[in-house]
Amino acid sequence: MHEFSVVSALMSLVSEDAIKHNADKVSRITVSIGVMSGIEPSLFMEAYQSCKKGTVAEEATLDIIHQEVEISCSCGYCGEIVGVSFLCPQCQAVDIDVIAGEDMILQQLELDVPESN
Amino acid sequence: MNQPTTPVENSNTKTVEDMRSLFKKNDQVADQTRIKLNERKIFGINLMGSPGSGKTTLLEGLIDQYQGQLSELGVLEGDLATERDADRIRNKGVSAQQISTGSVCHLSAAMVSESMEQLPLDDIKVLFVENVGNLVCPSKFALGTHKNIVAVSIPEGDDKPVKYPVMIRMADVVIFTKVDLLPHFDFDLERSTREIKEINPNALILQTDIKTKHGFAELWKEILGWAQKNDAELL
Ligand SMILES: Nc1nc2c(ncn2[C@@H]2O[C@H](COP(=O)(O)OP(=O)(O)O)[C@@H](O)[C@H]2O)c(=O)[nH]1
Ligand SMILES: [Mg+2]
Ligand SMILES: [Zn+2]
């Protein structure tokens, strides 16, 4: 289950952000998981629940956004593909740019920042 | 972007956009490894596929035919446990280093970066990294190698590429291995080929059979072509 490797990457990014913004707690984490990122959201959630203990994100809620594959094509098409066919649904070109859906991204964090004195 | 949300005692809630990829840290190590390989003029290949799909056998076949002829090979063997695959390669007189991952189901860039230093890198022109046998976990963990080869064996069934599209997407070459067994399995090669091409229109699709060495010359020609092109681009 490689979700553990990815959760540990998440935890290190989150703690970097917490330090950078002088936060003492993280209350919410939003990640987007591409349907072709190779990450299974339920396994990711499970791994997250067991890794967050004792970290700055111990009490954080994890929100997962499911990101479909989106492409852009020189014909002007910009949007989803059909199933797992990586070609332009409008002009059938295979020379397309995949712009989303193959990655997993830490989108947003809600941090509790103590008021500065 | 500050949001006026419920303030906890003496603290404010601050919303920050991060937008970094969770694969980025591994990718950065992989990029460093690729630079090191390029400096040494070593061409790296990440060989992936299910357990038993014939990855080690493929390497043994390439060694039998081509070691010392045009190019010196080196192998990193990723497995959960045992040195067996590395021993198989060493028995052929080729340098091999085992990476035992314990319970980790894929190699990471850091594991490769560390282990490759155990190999006599000055003598190696083509470095194969056999990943942990798994069609899921290794796919998104770049190792710093230049190309990905994915082995799909005939006994696994013709539905595997379409069931594991993320791995197929990552492949530069998909090899149908053990094609000598086609007469014994209902494997629709044409349909499976079509499905691979839908998922990854740029992948080259080859077939191999260890008994007759069918497909090995074509595979080797491809590898040398890549390596030469990479060397030329580095000049
Ligand atoms: N019939 C046949 N068997 C093969 C071929 N390639 C590998 N095998 C067998 O498949 C089994 C698994 O091979 P191995 O290379 O260890 O797979 P790995 O786990 O992917 O490294 C072994 O028993 C091999 O002898 C082939 O081309 N034809
Ligand atoms: Mg093996
Ligand atoms: Zn188009």
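A residue counts as buried when its relative accessible area is under 20%. By that cut-off B:Asp85 is buried, because its relative accessibility is 12%. B:Thr56 is buried too, with a relative accessible area of 5%. The model is predicted, and both residues belong to a metal site in it.

That site holds the magnesium ion (ligand 2). B:Thr56 coordinates the ion through OG1, B:Asp85 through OD and B:Glu130 through OE. The distance is 2.1 Å. Along the sequence these donor residues follow the spacing T-x28-D-x44-E. The pair B:Thr56 and B:Asp85 links distant parts of the chain. B:Thr56 lies in helix H2 (residues 55-66) of chain B, and B:Asp85 lies in helix H3 (residues 84-90) of chain B. The two are 29 residues apart.

Chain A carries a zinc ion (ligand 3). Its protein donors are the SG atoms of A:Cys73, A:Cys75, A:Cys88 and A:Cys91. They lie 2.2 to 2.3 Å from the ion. The donor spacing along the chain is C-x1-C-x12-C-x2-C. Here, too, distant parts of the chain are linked, by the pair A:Cys73 and A:Cys88. A:Cys73 sits in the loop between strand S3 (70-72) and strand S4 (78-80) of chain A. A:Cys88 sits in the loop between S4 and strand S5 (97-100) of chain A. These two cysteines are 15 residues apart, and both are buried.

The four donor atoms subtend angles of 105 to 111 degrees around the zinc ion (ligand 3). Four donors count as tetrahedral if all angles lie between 85 and 135 degrees. The arrangement is therefore tetrahedral.

The interface of chain A and chain B was examined next. Interface size is often given as the accessible area lost when the parts come together. Between chain A and chain B the buried area is about 3,100 Å². Carbon and sulfur atoms give 56% of that area. Chain A contributes 35 residues to the contact and chain B contributes 29 residues.

Four salt bridges are counted between chain A and chain B. B:Lys25 forms a salt bridge with A:Glu16, and their closest N and O atoms are 2.4 Å apart. On the side of chain A that touches chain B, helix H1 (3-20) and strand S6 (104-114) are the elements that give two or more residues. S6(A) supplies the largest share of that side, 11 residues.

Technical notes. Residues numbered from 1 in each chain as written. Chains lettered and ligands numbered in written order. Predicted model: local features only at pLDDT ≥ 70, side-chain atom pairs only at ≥ 80, totals over all residues. Heavy atoms only, no water. Donors = N, O, S within 2.8 Å, 3.2 Å for Na, K, Ca; no water. Tetrahedral: all angles 85-135°; square planar, octahedral: opposite > 155°, others 65-115°. Helix = DSSP H or I, 4+ residues; strand = E, 2+ residues; numbered from the N terminus. Buried < 20%, exposed > 50% of the residue type's maximum accessible area, 1.4 Å probe, protein only. Contact = heavy atoms within 4.5 Å. Buried area = accessible area lost by both parts, 1.4 Å probe. Salt bridge = Lys/Arg side-chain N within 4 Å of Asp/Glu carboxyl O.
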